[in-house]
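Please keep the sequence and the structure in view while reading.

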Amino acid sequence: GLGSRLAEVERGPTETLADVIPRYGTVPLDFQPGSRWNYSTFAGFDTLGRIIEIVSGRKFDVFLQERIFGPLQMTDTCFPVPQDRKARMNSLDRKDPQGAWAAAPPPPAFASDIYFAGSVGLIATARDYARFEQMLLNGGELDGKRILAPRTVEMAYLLTRAGTSSNSAVRRAGSVRNMARSTARRTATRAFMRPTTVATSA
């Protein structure tokens, strides 16, 4: 699995997934594929984003808009935030050296309009994120639009449990409904943009 030495792969400010992902192949693996499981903080998701680009023939951001955000009417999910919506951005507060909370600029990953990562960078409202979670809760469908097959959603849940739980826990794993409910509780903390009553296109 990719991991500990990926910091050696630097990304230039004008590089895309197509530029960076092939260089991951030059980094030694942490372990033989299939021998262990390790949660990828960014490399695995970015690599999947590039695979989607190759298979679909579309840029990752375009694919997401056409296949997920558009059908689910996630009208305020995008990367990066367009200029006309930046006034609605919530601040990302952090503690300063004196321990007081203060507004901080968003991380650079949330500002790139070139590198559309599979791991970080999307901005959304609580309303949009809730619609995505409701799709999972419904087994991959919302408002008559099917995004994922029910079996795909269930497999994603079980695979996640397999990576973080014992085998006995996996056998006792609940339905995807429980997964969606638990992740939906975190919706507010994942939303960076304040909602608006005016529909806008991503």
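With which residue does arginine 50 form a salt bridge? The partner is glutamate 53, and the closest N and O atoms of the two are 2.9 Å apart. A salt bridge is defined here as a side-chain nitrogen of Lys or Arg within 4 Å of a carboxyl oxygen of Asp or Glu.

## Basis of the report

The model is predicted, so local features need pLDDT of at least 70 and side-chain atom pairs count only at pLDDT 80 or more, while totals for chains, interfaces and linings use all residues. Residues are numbered from 1 along each chain as its sequence is written, and side-chain values use heavy atoms, with hydrogens and water left out.

## Salt bridges

Arginine 50 and glutamate 53 are three residues apart in helix α2, which means that about one helical turn separates them. Helices (H or I, at least four residues) and strands (E, at least two) are DSSP runs, numbered from the N terminus. Arginine 50 is partly exposed, with a relative accessible area of 22%, whereas glutamate 53 counts as buried at 8%. In these terms, buried means under 20% relative accessible area, exposed over 50%, and partly exposed in between (1.4 Å probe, protein chains only).

The whole structure contains eight salt bridges. One of them joins the side chains of arginine 5 and glutamate 8, at 2.8 Å from N to O. Arginine 5 is partly exposed at 40% relative accessibility, and glutamate 8 is exposed at 52%. Another links the side chains of aspartate 76 and arginine 88, at 2.9 Å from N to O. Both residues lie in the loop between α3 and β1, so the pair ties together parts that are 12 residues apart in sequence. Aspartate 76 and arginine 88 are both buried. Salt bridges with shared partners connect Asp76, Arg85 and Arg88 into one network.

## A buried charge without a salt bridge

Aspartate 46 belongs to helix α2, which covers residues 43-56. Aspartate 46 is buried yet has no salt bridge; arginine 11, the nearest side chain of opposite charge, is 6.4 Å away.

What does the side chain of aspartate 46 make a polar contact with? The partner is the side chain of serine 119, at 2.8 Å. A polar contact is a pair of N or O atoms within 3.5 Å; within protein, one must be able to donate a hydrogen and the other to accept it, and residues adjacent in sequence count only if both atoms are side-chain atoms. Not counting residues up to four places away in sequence, aspartate 46 touches Leu17, Ile21, Tyr24, Tyr115, Ala117, Gly118 and Ser119. Contact here means heavy atoms within 4.5 Å.

Arginine 11 lies over the face of tyrosine 115, at 4.0 Å from the ring centre. A charge sits over a ring if NZ of Lys or CZ of Arg is within 6 Å of the ring centre and within 35 degrees of the ring normal.

## The aromatic pair

A pair of aromatic rings is described by the distance of the centres and the angle of the planes. Rings of Phe, Tyr and Trp (its six-membered ring) pair if their centres lie within 6.5 Å; planes under 30 degrees apart count as stacked, over 60 as edge-to-face and the rest as tilted. The count by this rule is one aromatic pair. The rings of phenylalanine 79 and phenylalanine 116 have centres 5.1 Å apart and planes at 70 degrees, so the pair is edge-to-face.

Phenylalanine 79 is in the loop between α3 (60-69) and β1 (92-95), and phenylalanine 116 is in the loop between β2 (101-104) and α4 (126-137), so the pair ties together parts that are 37 residues apart in sequence. Phenylalanine 79 is buried at 9% relative accessibility, and phenylalanine 116 is buried at 10%.

## Backbone features

Most residues other than glycine have a negative phi, and most peptide bonds are trans. Phenylalanine 79 and proline 80 are joined by a cis peptide bond, with omega about -5 degrees.

Glutamine 73 is not a glycine, although its phi is positive, at about 55 degrees. Glutamine 73 sits in the loop between α3 and β1 and is partly exposed, with a relative accessible area of 44%. Aspartate 143 likewise has a positive phi, near 55 degrees. Aspartate 143 is in the loop between β3 (141-142) and β4 (145-146) and is exposed, at 53%.

Technical notes:
Lys, Arg positive; Asp, Glu negative; His and termini not counted.
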